[in-house]
Amino acid sequence: MTLSGWLTIFIFVGVVTALAIPLGSYLAAVYSGERTFLDPLMRFPERWAYRIMRVDPTREQNWKQYAKSLIIFSLAGWLLLYLILRTQSLWSFTGLNPMGFHSPPANVVFNTASSFLTNTNWQYYGGETTMTYFSQMAGLTVENYASAAVGIVVAIALIRGIASRSGSSLGNFYQDVVRTILWILLPFSFVISLVLVSQGSIQNFSHYLSFHGIQHIAQTIAMGPVASQEAIKMLGTNGGGFFNTNSAHPFENPTGFTNFFEMVVVLLIPAALVFAYGKMVGSRRQGYAIYSTMMVMFLGAVIVCYIAEAHGSPAQHAAGLHTAVRAGSTGGNLEGKEQRFGIAGSALFDVITTVTSCGAVNSSIESFTGIGGAVPFANLSASEVIFGGVGTGLYSILMYVLLAVFLGGLMVGRTPEYLGKKIGAREIKLVALGILITPLSALFCTALATASSAGRASIDTAVTGSGPQAFSETFYAYLSQANNNGSAFAGYTGYDGTVGNAAGSHGITFADLLGGGAMLFARYAPILFALAVAGSLAGKRVSPAGLGTMRTDNGTFVVLLIGVIILVGALTFFPALLLGPIVQGLTGHLY
Amino acid sequence: MRKDIITSAIGMLVLTLVCGFAYPLLVTGISQVAFHGNANGQQVFVDGKLVGSKIIGQSFGNQPQYFQTRPSGTDPADNDAATSFANYGPNSVITEKAIAANIKEYIALNGKYYPGGLRAADVPVDAADTSASGVDPDISVLNADIQAYRIAAVRHLRLTTVHSLISKYTSGRGLGFSGEPGVDVLELNLALNRLRADK
């Protein structure tokens, strides 16, 4: 461990918090229809969008109408993306397929379309060997925007339900999406992508560079419109890399500075939404309480991960490597990590990407030490409540908040209420279902994939070997897809490699279909439950807080909330975690 | 229902035009003008011929007169057309063997030039562990300093000359704290070649 490593971590926390507070006020203004500095620029395109989409933004929707619009919009997005990826060779006339790639097979496309639609961005393909520039732009980049917007508007709808003083309206879905894109995602991504290019990310439509190096060794360097996709990939907590090695690739993440910058960008909206929540429900302290909960759990994860990675791995030590810090060398477990990021920059990135639903990686999670690798597992086990994906994180933790209020109410023997609204049996049933769907999908799919030979085919035994790591790979794959995260123990390939330079990836059908199904189910079922809770709360009358009201904006509640999150996660996942990463973390044994 | 379908279909098409075409094209246009070198991958030319990108690592085939990049998990090594992680597990026998082989290769290349000889414990982690991208352009300063003895001997240069080149092509931490210093191998090797041409 080094001083600059710890500095990186603590400066990061300070920078994110300092940026998220004003951004939270901005987000609250955007969704409350108040004036913002972008109004002069965006008012006109906004009106234009409503006109050609035939939307009446003044038409308010109840939760069922909101959900219906959301599902149909998502379905349209899925179909369009599927179509674009399956026909990508037909679009070569645009000049955006310089490498002459064919279309990937149907199972890979099913998995990929589901993956980008659900903000998961799990990738059973290698970007630079499979996707044309046309697919990357018109297909994947577009869904990066759409899926991020859908996540955010669900959180906004839930906030409106909680804050509503009367009636059943949650706002208008299409209006919320349009405003999310125009006021937040598009202008921010634009600035971010230019910052990235200024630091060394590429942005072009060239043929890959083929040449002979100074040693006359033939080489090829992949090209493409990288920065524009990288920006929204991080900002929207999508995480699907332009290249196979994602944010480890120098063209996606060229320097130590861009690494820090990209980490801030990932956490920006999830953190700001928490402050926006406090503002929109009329009590900033509610936002601070949730933010503290998230930050405590986040810091715990970072500290454990950094210490574990700085220590080095049993395989390194067995090979005779010395992993202490020395002058000119960072030491530690640098296996699967880049020199320019070092240990702290990789451990911090890894925790950020697994607490949010981002899933972009700048290092190989598969090569993390047992305990260092148990951290992303634990983060995923918390089901996206530690910041989480854009929007997803906020509506997920609000479900846990309601559960904590309910449990707290039981303990003190009072009718549970949150912000003056009584939490009844109906809400708690919806909350419980919403919370349990993701873990159950993950465990069910892991069991199926471990027990069947079709599932085990995805384990790359030539690299991974056997033992706990093979189970970890499988478990992580379905945990990641069910949580809509998208990071991977990447030895769990799901594809048999590429054929030639142009045939795309050859997927393993079982893994593609099961994973695709898990992503869709574990994304949309919790969204429906969250919207149902919003609808249910929206109609409730507010009663003034009395002496017996349990406060939800103080330290006691933060502790209770952390306890509930850990309890649910641990009860669900502990047996499975023991079989994989923890066993490896507790032993120096090699398998 | 019908209204939702029409709105969603039009919405996705508009979104595709705006975010899928207008946005990346605008970013490309501005980047190509304002950051032409970066946007095209910081290509390096020698005598008018393309020899690489400053920020993409390439293989120097274990030739003793060149600084060597980090071990790579791609096939073949340093293949930017199909990047991949090595995915070596932390408690795996396969990982141990791979790291041990990298250590052996590093000692075979540098051991006889290093004063007092190299032991496994002297090998810097970045020289034995595979990089993430498979095309890591940088090596650690310690790694470069160890290889400097070999370069100086093979190229008949003074050690201080090699060291001053190393510090010239070392980039520091981002903002002074983020990440680790790294020595750009391609730039360093090209500078060595220019040195010979100047003589």
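1. Let's start with the sheet in chain B of this predicted model. Here 3 strands form an open sheet in the order S3-S5-S4, with antiparallel pairing. At the edges sit strand S3 (138-139) and strand S4 (170-171) of chain B, each of which pairs on one side only.

2. S4(B) pairs with strand S5 (residues 182-184) of chain B in the antiparallel sense, over 2 bridges. If you want a pair to click on, Ser171(B) has Gly182(B) in S5(B) as its bridge partner.

3. Chain B also has a hairpin, made by S1(B) and S2(B) with 2 residues between them. Strand S1 (residues 43-46) of chain B and strand S2 (residues 49-53) of chain B run antiparallel and are joined by 4 bridges. Within this pairing, Val44(B) stands opposite Gly52(B) in S2(B). In the turn, do have a look at Asp47(B), whose phi is positive, at about 50°.

4. Finally, the contact between the chains. How many residues does the contact take from chain A and from chain B? Chain A gives 113 residues and chain B gives 95 residues. Sorted by class, the side of chain A that touches chain B holds 52 nonpolar, 52 polar and 9 charged residues.

Methods:
Residues numbered from 1 in each chain as written. Chains lettered and ligands numbered in written order. Predicted model: local features only at pLDDT ≥ 70, side-chain atom pairs only at ≥ 80, totals over all residues. Pairing = 2+ DSSP bridges. Contact = placed C-beta atoms within 7 Å. Nonpolar A, V, L, I, M, F, W, Y, C, P; charged D, E, K, R; others polar.
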